[in-house]
Amino acid sequence: MQMYSEAGSNRGVVTQLRAYLAQAELPEDGRLPPERDLAVALGITRTELRKALGALEAEGQIWRHVGKGTFLGNRPTDSLSDIAALAKRTNPAELMRARLIIEPEIARAAALTATPMHLAELRLCQTRTREAATWRQYENWDTRLHRTIAEATQNTPLLGLFDMLNALRRAVTWGRLRSNPVKPEPDHHSFSEHEAIIAAIENRDMNAAAAAMRTHLQSVERNLLARQSDPAG
């Protein structure tokens, strides 16, 4: 009975930690606060926190780098130094072309294998992107939405490819090209495009999911190139 109670308590801490991470505004590299600060913020002991972190790490939700800290997301498939070196040889437009090749196929696969948990997570991400008060909040939830699609493939190589592209995207930092306003407009193109992607995955329509993802990334690419050609806004 005590073992059951402890297991239930640990599940509760894991749920609490998930909720915290979903709302937290983390640095660009996804680094979590130090364990001491995180335990205080959650009102739990460091032992409870470590068990919860271990559970999320086993799921691939976080990863740890000895001496540097704990980070949100899956462990990068390449070292950070390799990503940084690659980022110096590329640019946002080139990276978008790579995304256009890979991510529609990820969405296609997700339509076949997504679980109810994945679908619920996608709906949560869609809601949170619409509620975002800043571009940083929007981009955090947008990244989580796209990664959930990759997770829904239940395919380790595809998830690894996505994580590598995402790490490279962060290194290229085209967020610096973002201009005013301070948050997405209510009619921001991504809202309806995300809806089309999610609906296709929910309907198990593999072709529609791939097409919707391609349409979305083409919109992102057009806006990106427009900002590059007109830095003033």
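Here is a quick tour of a hairpin, its aromatic rings and one proline in a predicted model.

Local features here need pLDDT of at least 70 and side-chain atom pairs 80 or more, while totals for chains, interfaces and linings use all residues. Residues are numbered from 1 along each chain as its sequence is written, and side-chain values use heavy atoms, with hydrogens and water left out.

Let's start with the hairpin. Strands β1 (residues 62-65) and β2 (residues 69-72) run antiparallel, joined by 4 bridges; strands count as paired when DSSP finds at least two bridges between them. Helices (H or I, at least four residues) and strands (E, at least two) are DSSP runs, numbered from the N terminus. There are 3 residues between β1 and β2, and glycine 67 in the turn has a positive phi of about 90 degrees. Tryptophan 63 has phenylalanine 71 in β2 as its bridge partner.

On to the rings: the structure holds 3 aromatic pairs. Rings of Phe, Tyr and Trp (its six-membered ring) pair if their centres lie within 6.5 Å, with planes under 30 degrees apart called stacked, over 60 edge-to-face and the rest tilted. Two of the pairs are tabulated below.

| Pair | Type | Centre to centre | Angle between planes |
|---|---|---|---|
| Tryptophan 63 and phenylalanine 71 | stacked | 4.8 Å | 20 degrees |
| Tryptophan 135 and tyrosine 138 | edge-to-face | 5.5 Å | 90 degrees |

Tryptophan 135 and tyrosine 138 sit 3 residues apart in helix α7 (residues 135-152), so about one helical turn separates them. Ring pairs link Trp135, Tyr138 and Phe191 into a cluster.

Buried means under 20% relative accessible area, exposed over 50%, and partly exposed in between (1.4 Å probe, protein chains only). Tryptophan 63 is buried at 9%, and phenylalanine 71 is buried at 7%. Proline 186, in the loop between α8 (156-172) and α9 (189-202), is exposed at 69%.
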